[in-house]
Amino acid sequence: MMANLYPLLIIAVVLFIVLNLAAGLIWVERRLLALWQDRYGPNRVGPFGLGQVLADSVKLFTKEDWIPPFADKGVFVLAPGIIVATALLSFAVIPLAPGFVVADLNIGLLFLLAMSSLGVYSVVLAGWASNNKYSLLGGIRASAQMLSYEVFMGLSLLGVVIQAGSFRLTDIVEAQHKVWFVVPQFLGFVLFLIAGVAETRRLPFDLAEAESELIAGFHSEYSGMKFGMFFVGEYMAVILISAALALLYFGGWLGPVLPAGLWFAIKTLAFICLFILLRAALPRPRFDQLMLWGWKYLLPLALINILVTGAVVLALR
Amino acid sequence: MLSLLRSLWEVFRHAFHKRETIQYPEEKPYLAPRYRGRIILTRDPDGGERCVACNLCAVACPVDCISLQATEDEHGRRYPEFFRINFSRCIFCGFCEEACPTYAIQLTPDFEMGEYNRQNLVYEKKDLLVDGPGKYPDYNFWRIAGVAIGGKDKGQAENETAPVDLHSLLP
């Protein structure tokens, strides 16, 4: 009986953590952005302004959930569901601590990449179903951006896979007992970081939204909780990429003194803060610059990284 | 590429800078003495009303939020019978203060006049009139103006020469 309940417990805990963290990031992001802009941010509702999370969610839930009459209704409703579903599904393979994972797949890393790639369907379909030229432009941009950044995102991770000899995330973490992969795989880390930010479609890579050019891009027509789901999906993607960075390059839960889960949480939160710092500091590139960087510099670099890593690993064998 | 890292670092350092925010209800911002806030009607140093009900403020007002009715007292001195400012229309442009020939109407550094009921934003003369002289402590229009009113005849104002005796001007 208990053996059957244990996986359910893990699922419940993971869902609880991820959903609460995604909601809490509304507050975290606003406070941190304010911190770096010499302001305070929301500090009135509840202790430290934490009640802002509740206020924002109540607002989102009670807003009119309007579907434009010119929209493609079915797809329009489906799109925000996809982004949340794929983001939540990818957390199934993320181990929070040794043994504390919903599904320890032997292709965990591939599953992660596949799920985060599926997320782009949400954006493209939302842009298409909105039947609005700005939304469509946002959707097209998202698909082009995903296509070019997905390629070297996967390739940049192959260095880690070569060194660990496994796609299983638990194995990859265990392979970092001696030295974290960020040291031998520094280039791969930088590439994955850039690709990860592009994957979450956050500033400086938020060309799909680009409020200064495309109003709000793919979610211009969305309101109420459908918009909220895009929001939550984006935050969950941030958590996911941060967790992946911590797992693949910074030794996941490995660390002295503190318990395993806490180390993982600290590393993930540090990367989440880095994501917000990137948003606070960097401007959005032009679209052609984005594509040019992706194909002309980052993809060849990722290929070189694989080549060198493979050669070194082979030579040392 | 290095410039991106540099801007990341520069932005991060802002975490340790002084905050620009003034925590408003607890901490009041400094307002300049000539801030254009709540409008008042002032009195001269002798305690009399400065307003002479000339209607210039009402005419200057771009949103027509001032209304008043002139009347005279027993000395022939004009003053407003009623003076009403509708602050739900007022845009605090300060034109009334500029137009006022007697420094009677003045804007003050006070903006905290929120109300739940719109009608409460209509200020009557008793709400507008204050006891002090405002920004011009020594100014008294009637002491300077060459107008004869009760208790002051022609030529008795400050810096005013006595009126010329027309008969002495004969050739």
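In the predicted model, the contact between chains A and B draws on ten residues from chain A and eleven residues from chain B. On the side of chain A that touches chain B, helix α10 (residues 260-281) of chain A gives the most, with three residues. By residue class, this side of chain A comprises seven nonpolar residues, one polar residue and two charged residues.

The largest nonpolar core contains 90 residues. Within this core, the residues with the most contacts are A:Met236, A:Ile239, A:Leu240, A:Leu245, A:Leu247 and A:Leu248. Helix α9 of chain A, which covers residues 224-249, supplies the largest share of the core, 18 residues. When residues up to four places away in sequence are not counted, A:Met236 touches A:Val18, A:Ala22, A:Ala87 and A:Leu88. In soluble globular proteins, nonpolar side chains tend to be buried together.

Helix α5 of chain A was examined for its length and course. This helix has 32 residues (residues 133-164), and at 1.5 Å a residue it should therefore span 46 Å. Along its course, α5(A) bends by about 25° at A:Tyr149. After α5(A) comes A:Gly165, a residue whose phi is positive, near 70°.

Key: Residues are numbered from 1 along each chain as its sequence is written. Chains are lettered from A and ligands numbered from 1 in the order in which they are written. This is a predicted model: local features need pLDDT of at least 70, side-chain atom pairs count only at pLDDT 80 or more; totals for chains, interfaces and linings use all residues. Helices (H or I, at least four residues) and strands (E, at least two) are DSSP runs, numbered from the N terminus. The expected span of a helix is 1.5 Å times one less than its number of residues. The bend at a residue is the angle between axes fitted to the seven residues ending there and the seven starting there. Two residues are in contact if their C-beta atoms, placed from the backbone, lie within 7 Å. Ala, Val, Leu, Ile, Met, Phe, Trp, Tyr, Cys and Pro count as nonpolar, Asp, Glu, Lys and Arg as charged, and the others, Gly among them, as polar. A nonpolar core is a set of buried Ala, Val, Leu, Ile, Met, Phe, Trp, Tyr and Cys residues joined through C-beta atoms within 7 Å. A residue is buried if 20 or more other C-beta atoms lie within 10 Å of its own, exposed if 12 or fewer, and partly exposed in between; C-beta atoms are placed from the backbone.
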